Amino acid sequence: MTDLSTIAAISTPLGTGGVGIIRISGKCATEIADKIFVSVSGKNLADSKGYRAHFGKIFDGENAVDEAVCLVFRAPHSYTGEDVVEINCHGGVFLMKKILRLALQNGAQAAAPGEFTKRAFLNGKLDLSEAESVMTLISAQGEQGANAAFNQLEGRLSKKIEKINSSLLSVAAHIAAWVDYPDDEIEELGENELKNTIINANLEIKKLLSSFDSGMAVTSGVETAIVGKPNVGKSTLMNLLTGYDRSIVTEIEGTTRDVVEETVDLNGCLLRISDTAGMRETGDLVEKLGVERSRKKLERAAIVFAVFDSSKPLSDEDMELIDECKSKNVIPIINKTDLDQILDVDYIKNQLGEPIYISAKNGDGYDLLCDRVSDLLGTKNFDTTSAILINERQRICCQKAESALSDAENALNIGLTPDAIGVCIDDAIAALLELTGQKASEAVVDEVFKQFCVGK
């Protein structure tokens, strides 16, 4: 009979490797594992203490399938807070799938995406912001990103939010008591103390919000588009940034007909770069579709590398691109500096700001481009040990709190009654509690863990 409280999944990537792990978690984890695993000592896993490793074999009926080491963790001292068995077998795809199937056939339920971490959250092993940092840590593609994600997993953001909330809860409780029990001669909270608490809490939240772009740049990456007319060197720049021939480069205009995407770690800044098709009017149907996709990438990009050919005068396509980039975070790039300059650089400078001069072909100007990106995203002196917001959900929660505290400060300044101020403070507290998951709805929690991989 299937036990809905005990789940199982493969927790290592599907692929050929030395070791694969199948994780089982729930009240029947050891009993289910005992049905498919026999230790060389003859001891049952159900009788094992926690933090014990047992060597033996996996069986499918009477037939041995593989040698394995089973690790036993006892509640509440496990990742999920439940009894957990981790089966360490040989890392073949067929073997791992077979052993998982045996666990499911003997009573376990297939784990949903993120269900192990969701159980850790529900069992109080970590809060929602810490749970979100798990996937950020797993997907980290650079040292800064990994360090920042790990520090959030260690509770940097949670502790910051807890400290802010503690000060707000103190004044909210005082206001509530003063309003609800007017006959008890509770001393009214001093206006200066109340105002200072609101202002200081809001300053801390504003600091978190101001560091959001930097945090995203090192943890999740920033959408970046390389745009320009055909044959200005966009694909050569893409290859320079990736370090290998990611895009096809020829002297023929319109070689790139679709968007080529790659994630690049640029001195600690994680950029999700799109090398777009050259923007121009064309009768070629395939190239036209590529240009349309390029324009959509330009619209959505957080950073734009607008590339111009130093050896040619500004064209109509260049002028149109300049107009489209004015409202974006744009870094104008003058490419082909190894050739004689004909381009009107002053016009570009006046419209888009100071350009970067490079020769993508020779690699000249690469360091200058890295520095400009770091300056734009604020990552040059980024402190990975500080509390940061690592996703849009957390940012929205902080925005709600910041807005509520601004309302509280305004209410105080115009002389509204304490109960009106208290309502604003309560809204800020609720937003921060939603961030850490203490007051998050079931729908919000489900959405967070839906984005996890199966097995984590």
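A crossing of two helices is left-handed if the near helix is turned anticlockwise from the far one by less than a right angle, and right-handed if clockwise. This tour of a predicted model, in which local features need pLDDT of at least 70, side-chain atom pairs count only at pLDDT 80 or more, and totals for chains, interfaces and linings use all residues, begins with such a crossing. Residues are numbered from 1 along each chain as its sequence is written, and side-chain values use heavy atoms, with hydrogens and water left out.

Helix 4 passes helix 16 in a left-handed crossing. Their axes come within 10 Å and cross at roughly 20 degrees, the axes being lines fitted to C-alpha atoms, for helices over the stretch in contact, with angles from 0 to 180 degrees between N-to-C directions. The two helices are therefore roughly parallel, a term for angles under 35 degrees.

Display next the side chains between them. Leu-128, Ala-131 and Glu-132 of helix 4 meet Val-444, Val-448 and Phe-449 of helix 16, where contact means heavy atoms within 4.5 Å. Five of these contact residues are nonpolar, none is polar and one is charged. In this grouping Ala, Val, Leu, Ile, Met, Phe, Trp, Tyr, Cys and Pro are nonpolar, Asp, Glu, Lys and Arg charged, and the others, Gly among them, polar.

Proceed to the second largest pocket, which is lined by 14 residues. A pocket is an open set of points on a 1 Å grid over the protein atoms alone, where a 1.4 Å probe fits, with protein on both sides within 12 Å along at least five of seven lines; lining residues have an atom within 4 Å of a point. Select Glu-132, Asn-391, Val-448, Gln-451 and Phe-452, which lie nearest the pocket's centre. Helix 4 gives the largest share of the lining, four residues. The lining divides into five nonpolar, five polar and four charged residues.

Finish at two loops. Asn-231, between strand 8 (222-227) and helix 9 (234-242), has a positive phi near 70 degrees although not a glycine.

Notes
Angles under 35 degrees count as roughly parallel, over 145 as roughly antiparallel, 65 to 115 as roughly perpendicular and the rest as oblique.
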